[in-house]
Amino acid sequence: MKLAKLLVACTLAFGVANAQDVMQKSMSIMEQGMTQIQKGFLNNNLELIKEGSALVKQGNELFSEKKVIENYLPQNKKHLVNVAAAASERISLDLNVLELNLDEKAYLSAADAYSDMLNACSRCHSIVRSW
Ligand code: HEC
């Protein structure tokens with residue numbers, strides 16, 4: 001009986017630790033990606049922008065499911081999971097717009113998509129952090 005309880009406790013703890021990893025991994029990849037995109041625009045380096053965009057896409061995919069996002073919302077913000085998930089969706093759409101504009105050499109519009117992505121990061125953070 002005791003052993004069974006211990007096993008359950010371990011499984012739960014492991015589950016939480018794992019979930020923690022997903023968020024930290026996702027955020028750290030997206031942070032790197034956004035920094036690269038910014039550097040790319042500032043230095044007129046298209047390769048950096050493309051690499052950064054691929055990183056943000058990778059990170060965002062890890063943190064886009066409502067179930068995952070809901071885990072990280074404070075208890076009194078869980079009802080805002082749709083708004084939070086919409087921020088992730090917006091990042092994904094902005095990435096498409098950014099890439100299409102790069103292909104078209106419409107760099108100002110591409111930079112606008114980057115700004116909108118940054119706003120989407122803040123949108124979700126404002127919920128989580130009660131900004
Ligand atoms: C759907 C919600 C959501 C979106 C969208 C989102 N984040 Fe986060 N982010 C979180 C949560 C939850 C945390 C952890 C709680 C906190 O730091 O307040 C977090 C924390 C972070 C952290 C601190 C990480 C840590 O280990 O403490 C960074 C850096 C970060 N996010 C970067 C970004 C960037 C860059 C973007 C946009 C490209 C972004 N986030 C978009 C939810 C989101």
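How many nonpolar, polar and charged residues does the shell around the ligand have? By class, there are 15 nonpolar, three polar and two charged residues. Here Ala, Val, Leu, Ile, Met, Phe, Trp, Tyr, Cys and Pro count as nonpolar, Asp, Glu, Lys and Arg as charged, and the others, Gly among them, as polar.

## About the model

You are looking at a predicted model, in which local features need pLDDT of at least 70, side-chain atom pairs count only at pLDDT 80 or more, and totals for chains, interfaces and linings use all residues. Residue numbers start from 1 along each chain as its sequence is written.

## Around the ligand

Of the 20 residues around the ligand, Met 27, Met 30, Tyr 72, Cys 121 and Cys 124 come nearest (a residue is near if its C-beta atom, placed from the backbone, lies within 6 Å of the molecule). Helix H1 (2-43), helix H4 (81-103) and helix H5 (107-128) are the elements that give two or more residues to this shell. Helices are DSSP runs (H or I, at least four residues), numbered from the N terminus.

## The nonpolar core

The largest nonpolar core has 20 residues, and Val 56, Ile 91, Tyr 114 and Met 117 have the most contacts inside it. Such a core is a set of buried Ala, Val, Leu, Ile, Met, Phe, Trp, Tyr and Cys residues joined through C-beta atoms within 7 Å. H1, H2, H4 and H5 each give two or more residues to this core, and H5 gives the most, with six.

Val 56 touches Met 30, Gly 33, Met 34, Ile 91, Leu 95 and Met 117, not counting residues up to four places away in sequence (contact: C-beta atoms, placed from the backbone, within 7 Å).

## Helix H4

In H4, Ala 84, Ala 87, Ser 88, Ile 91, Asp 94, Leu 95 and Leu 98 are buried. A residue is buried if 20 or more other C-beta atoms lie within 10 Å of its own, exposed if 12 or fewer, and partly exposed in between, with C-beta atoms placed from the backbone. The cover over the buried residues of H4 includes helix H2 (46-62), helix H3 (66-71) and H5. Just after H4, Lys 105 takes a positive phi of about 60°.

## Helix H5

Ala 110, Ala 113, Tyr 114, Met 117, Ala 120 and Cys 124 are the buried residues of H5. They lie on the same side of H5 because they cover an arc of only 110° around the axis, taken from the directions from the helix axis to the C-beta atoms. On the other side of H5, Leu 108, Ser 115 and Ser 122 are exposed. Just after H5, Ser 130 takes a positive phi of about 50°.

Conventions:
Contact = placed C-beta atoms within 7 Å.
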